[in-house]
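Please consult the sequence and the structure alongside the text.

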Amino acid sequence: AAGETVRAADAALDAAREAGLLDREPGLSVPSVARAADLGASTLLHGPASGDGEAAADVVAELDPADEEFGRRLASLVTLDAVTADGATERAAERIERALRPYRTPDAPFATLGGYADVLDATARTAPGTGIALVLGEQSETAVDAALEAWRAYGDSVHRALRTAETARHRGVWVLSLEDADPAVLPA
């Protein structure tokens, strides 16, 4: 609540790294190897390709997936797109950091810890039973696919709402007006 990391979380992170459960490397925090679909759906960032599968596929197609620097180059390209997009603010440059340099999770059902967290956040809002099954250890292909499907639908809704929202300023407060937004995209 104070904007500080909880010490217990730091200890758990350190223990997971020492046990080989996490490995930090360049790239994006996405839950799977389907980079274009994940880039379009991720709620960890918002850029020109967000919520647009074709635009996300075009971004990924600019790079060679066989290149060993693919993850770093994709993260750099996405970062530049997000911070230089029309209407981007300084906050975009600060917030993009949470999507970069992910912790890879070799033994988990999702590719990165950040991607896993993004999926759990989406399923908590739109498909709680699916999210609970994941938390309780259900890692079948069916459960993971259902979670990814719910996450991608949620991400598309969030980005669509952000693109169609109207903003206004009232006495120092910014108001975001979402006329036809899916109620699941609104914070509880």
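Serine 29 touches Ser42, Leu44, Arg98, Ala99, Pro102, Thr112, Gly114 and Gly115, leaving aside residues up to four places away in sequence. The structure discussed here is a predicted model.

- Serine 29 is located in the loop that runs between strand S1 (23-24) and H2.
- Serine 29 counts as buried because its relative accessible area, 4%, falls under the 20% limit.
- Ser29 also belongs to the lining of the second largest pocket, together with Arg24, Leu44, Arg98, Leu100, Arg101, Pro102, Tyr103, Leu113, Gly114, Ala117 and Asp118.
- Among these lining residues, Leu44, Arg98, Pro102 and Gly114 are also residues that serine 29 touches.
- The second largest pocket has a volume of about 250 Å³.
- H6 provides the largest share of the lining of this second largest pocket, namely four residues.
- By class, six residues of the lining of the second largest pocket are nonpolar, two are polar and four are charged.

**Helix H4**

- Helix H4 covers residues 70-84, which makes 15 residues.
- From its first C-alpha to its last, H4 reaches 21 Å, close to the 21 Å expected at 1.5 Å a residue.
- The buried residues in H4 are Phe70, Leu74, Ala75, Leu77, Val78, Thr79 and Ala82.
- Cover for the buried residues of H4 includes helix H2 (35-41), helix H3 (53-61) and helix H5 (90-95).

**Nonpolar cores**

- The largest nonpolar core comprises 18 residues, and those with the most contacts inside it are Leu28, Leu39, Leu45, Val59, Leu74 and Val78.
- At least two residues of this core come from each of H3 and H4.
- H4 gives the most to this core, with six residues.
- In soluble globular proteins, nonpolar side chains tend to be buried together.
- Leucine 39 touches Leu28, Leu45, Ala49, Ser50, Ala56, Val59, Val60 and Val78, when residues up to four places away in sequence are not counted.
- A second, separate core has 12 residues, including Ala41, Ala122, Ala147 and Trp151.

**Cavities**

- Two cavities of 30 Å³ or more are found in a search of the whole structure.
- The largest cavity holds about 50 Å³ of space.
- Leu39, Leu45, Gly47, Pro48, Ala49, Ser50, Val59, Val78 and Asp81 line the largest cavity.
- Among the residues lining the largest cavity, Leu39, Leu45, Val59 and Val78 are also listed with the most contacts inside the largest nonpolar core.
- The lining of the largest cavity has six nonpolar residues, two polar residues and one charged residue.
- The second largest cavity holds about 40 Å³ of space.
- Gly27, Leu28, Val30, Arg35, Gly71, Leu74 and Arg104 line the second largest cavity.
- The lining of the second largest cavity has three nonpolar, two polar and two charged residues.

**The largest pocket**

- About 1,300 Å³ of space lies in the largest pocket.
- The lining of the largest pocket has 36 residues, and His46, Thr89, Arg91, Leu162 and Leu176 lie nearest its centre.
- The elements giving two or more residues to this lining are H5, H6, helix H8 (141-164) and strand S4 (173-177).
- H8 supplies the largest share of the lining of the largest pocket, six residues.
- The lining of the largest pocket divides into 21 nonpolar, seven polar and eight charged residues.

- Aspartate 121 is part of helix H6 (residues 113-126).
- The C-alpha atoms of aspartate 121 and threonine 43 are separated by 9.5 Å, although the two residues are 78 residues apart along the chain.
- Aspartate 180 is placed in the segment after S4.
- Aspartate 180 is exposed because its relative accessible area of 77% is over 50%.
- Aspartate 180 and valine 144 are 36 residues apart along the chain, and their C-alpha atoms are separated by 29 Å.

Conventions: Residues are numbered from 1 along each chain as its sequence is written. This is a predicted model: local features need pLDDT of at least 70, side-chain atom pairs count only at pLDDT 80 or more; totals for chains, interfaces and linings use all residues. Side-chain values use heavy atoms; hydrogens and water are left out. The expected span of a helix is 1.5 Å times one less than its number of residues. Buried means under 20% relative accessible area, exposed over 50%, partly exposed in between (1.4 Å probe, protein chains only). Contact means heavy atoms within 4.5 Å. A nonpolar core is a set of buried Ala, Val, Leu, Ile, Met, Phe, Trp, Tyr and Cys residues joined through side-chain atoms within 4.5 Å. On a 1 Å grid over the protein atoms alone, a cavity is a set of points where a 1.4 Å probe fits but cannot get out, and a pocket is an open set with protein on both sides within 12 Å along at least five of seven lines; lining residues have an atom within 4 Å of a point. Grid points are joined across faces, edges and corners, and a volume is the space filled by probe spheres set on the points. Ala, Val, Leu, Ile, Met, Phe, Trp, Tyr, Cys and Pro count as nonpolar, Asp, Glu, Lys and Arg as charged, and the others, Gly among them, as polar.
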